[in-house]
Amino acid sequence: MQSCRDDKEYVGDVDPEFVCPIGHGVLVDAMMAPCQHEFCEQCILECLKHKKECPLCRRPLETNHLQKAFKTSRMLSKLDVYCSNRCNGCQWKGKSADLKSHRDHCDHELVQCTHEGCLEAPIIRRNLAYHVANCPFKSCECQYCRKLVPGCKLKEHEHDCPKRPIKCPQHCAAQVTVETLAHHLKQACPYTVVQCPFVSHGCDVDKVQRLELEVHLRDAMATHLELLCKKVEQQSVVITQQQTLIKKLFQRTHIVVDANGKGAFTKISDAVQAAEDNDVIFVNQGVFRESLVINKPLTLQAAADNQVLIENGSDSNVIVIRSTCKLIGLHLHQRSKNFFCVRIIVNDDETIIEKCDVKSDHFSCIQIDSGCNPLIRNNKIHDSKQCGILIKKNGKGRIDNNDIHSNSLSNIYVDANANPLVTNNKIHNSAQHGIWIKQFGVGLFENNTIYNNTMSNIKIEEGALPVIKNNYL
């Protein structure tokens, strides 16, 4: 959009009624206000940005009140004007309406070079043909790859061109290109130093030129055969050892504990002690009064959900988890004072407590120590005299789809700097708080149903920064 035009561009004097009262030049793209005053379109739009009124009569004026002044524009188009390139020597003059058409072909018009990348200043059109023919950015064809590149970059391109032919640097007779040199040296050049293919089997010839490799393979055939035979013998021993180990593992996959003597063990602690890494211990229906320490990776699973009750047999925790393990389908009950039902000490992401019923007559049902990140899902966790789940400083935990209820202090207690992921749980009927987040505690609490907790459903101390979203309270 152009603002006022200088009246010197017109042949002869211009009637004052065609002069813009804002820019004081000849009207361009004339616009008329409801008050009949006329202005250049750019001038009046810029003016209305600052004040919504006619600059002459001060009547209120909005942009949408303006209309094209077609009559004035037609009259201006019939006035004679000089070419805008008059300063460059053009002698043309004619009607204003014909100016654009003339400039499209004017020999004195400033135009840009047609070659991409040329930074030359605009050139007079009559000199363009000479410039284009001699422009350093004129496209030239690479003699190797036939690609068109700017002439000023042709030498650099041809030096780096992947199609440029070169001699093998190892002075073999082959003719290669830049892009095929690496493949030639690796796969074809007779002077490339290679290893005997039997080095991994014990051959000591690890450096030989490719042209000599065939002679070596022929001369050392008996030696290579002997090395292969030794390798086969070694592999046979390893295979036999692996088969023995697999058979042993298969035989030990399931260890059965039965209180009535129908399994390999009558006590769970004996089975844990005898188990090897990654064994699965199945516990048949019954009541087991003993305290367990899990210090090796294994799975402890009830043969039928909630038909196995484990109570502490002394003043200690029911289960202390010191190594990665899975507890599945067990009923766990802490009866002693000053102890937890389950205490998780192992610092890993793979420990799982699933489908268990966990109850404590005193300390918390489950304590997650610093750095631990177990998966606790699909459990019932209830009736502790303290917390359902206690997450200690810097502890984590993925707590999902559990029914956590009727714990005296809080159903879930999040200590300073603890960072659990608590999702899809029912958290209800605590004597104090559903969830209690201590100062500096964090974590994500999402999609939980939290209700009927006596003092508060969620207590967040000052300085705690948890993410609480999409919970039903």
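**Notebook: salt bridges in a predicted model**

I began with Asp-104, which forms a salt bridge with Lys-100, the closest N and O atoms being 3.7 Å apart. By salt bridge I mean a side-chain nitrogen of Lys or Arg within 4 Å of a carboxyl oxygen of Asp or Glu. This is a predicted model, where local features need pLDDT of at least 70, side-chain atom pairs count only at pLDDT 80 or more, and totals for chains, interfaces and linings use all residues. Residues are numbered from 1 along each chain as its sequence is written, and side-chain values use heavy atoms, with hydrogens and water left out.

Next I looked up accessibility for this pair. Asp-104 is partly exposed at 42% relative accessibility, and Lys-100 is exposed at 62%. My cut-offs: buried is under 20% relative accessible area, exposed is over 50%, and partly exposed is in between (1.4 Å probe, protein chains only).

Then I turned to Lys-438 and found its salt bridge with Glu-461, with 3.2 Å between the closest N and O atoms. Lys-438 sits in the loop between β35 (433-437) and β36 (444-446), and Glu-461 in the loop between β38 (456-460) and β39 (467-469), so the pair ties together parts that are 23 residues apart in sequence. Strands here are DSSP runs (E, at least two residues), numbered from the N terminus. I noted Lys-438 as partly exposed, at 23% relative accessibility.

Is Glu-53 buried or exposed? I found Glu-53 buried, with a relative accessible area of 16%. Its side chain meets that of Lys-51 in a salt bridge (3.9 Å, N to O). A network of salt bridges links Lys-51, Glu-53 and Arg-58.

Last, I checked the total: the structure holds 16 salt bridges.

Methods
Helices (H or I, at least four residues) and strands (E, at least two) are DSSP runs, numbered from the N terminus.
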